[in-house]
Amino acid sequence: MLRHEGGYVDHPSDPGGATNMGITRKTLARWRKISPWTDLPKSSVASLKRDEAALIYRANYWNPSRAGDMPVGVDLALFDFAVNSGPDRAVRTLQTALGVAADGEVGPVTLAALRGAGLARLVNDFCDRRLAFLKGLSTFAVFGRGWTRRVADIRAAALADLKTSSSTQRRVIMTMLSGYRTYIVAAFMIVAGLAQVLGVELPTLDGGSAGSLILEALAIIFLRKGLKGDAA
């Protein structure tokens, strides 16, 4: 984020004026409760520290856009757009991409649509819409090259986050299964044995008596626990 926003700038074509780490002079003045905002000297913007900038990011952009409620990858794309163009526009753009009412408020309808969305497609569509908006601005001729690169970088980072998150989830699930699969097998054998006691026929387990199935299941459980104890 800060790599794209950069340090202190005061470009004459930028309507935000003096800006540091994406925080404009007007935004900083409002944050510090200075009114009128022009009473805040530009030197205060230039000396803005990262810790204060992070607090402003969270209060003014992360929280209002509810980026923390977004899936990994979508959170980055939404947050970066919110910082660049305001949380209301960022949320409305996301809602339009999701096909829900674009009211600028992330609520149950938006979150439900997110749960059923293809996230890679959503990120791409969202970034396409963001870039289309930027291209319509009168200052695109001046800042367009940097904006285009920024959207491309955020798109790539968001898609990479999606892949990393998906891979991590798969590893967690496989680890859980590898740790508990012996218990799952044993539990199934106990259920099968009890089913036979109750007279329920399970053709796939023919040849094994109810008693032997239950005893074998208990043996598996004790063996598993013993191996874990040895490893500890």
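1. How many residues does helix α6 have, and how far does the helix reach from its first C-alpha to its last? In this predicted model, helix α6 (residues 87–98) has 12 residues and reaches 16 Å between those two atoms, close to the 16 Å expected at 1.5 Å a residue. Just after α6, glycine 99 adopts a positive phi of about 80 degrees.

2. The angle between helix α4 (residues 50–65) and helix α5 (residues 74–85) is about 130 degrees, and their axes lie 9 Å apart. Angles over 145 degrees count as roughly antiparallel and those of 65 to 115 as roughly perpendicular; α4 and α5 are therefore oblique to each other. The crossing in which α4 passes α5 is right-handed.

3. On the α4 side, the contact is made by Tyr57, Tyr61, Trp62 and Ser65, and on the α5 side by Asp75, Leu78, Phe79, Ala82 and Val83. By class, the residues of this contact comprise 7 nonpolar, 1 polar and 1 charged.

4. For the overall context, the protein chain contains 10 helices and 3 strands. Their order from the N terminus is α-β-β-β-α-α-α-α-α-α-α-α-α. Of the chain's 232 residues, 35% count as buried. Among contacts with a separation of 6 or more, 55% are between residues 24 or more positions apart.

Terms used
Residues numbered from 1 in each chain as written. Predicted model: local features only at pLDDT ≥ 70, side-chain atom pairs only at ≥ 80, totals over all residues. Heavy atoms only, no water. Axes fitted to C-alpha atoms, helices over the stretch in contact; angles between N-to-C directions. Helix = DSSP H or I, 4+ residues; strand = E, 2+ residues; numbered from the N terminus. Parallel < 35°, antiparallel > 145°, perpendicular 65-115°, else oblique. Left-handed = near helix turned anticlockwise from the far one by under 90°. Contact = heavy atoms within 4.5 Å. Nonpolar A, V, L, I, M, F, W, Y, C, P; charged D, E, K, R; others polar. Expected span 1.5 Å × (residues − 1). Buried < 20%, exposed > 50% of the residue type's maximum accessible area, 1.4 Å probe, protein only.
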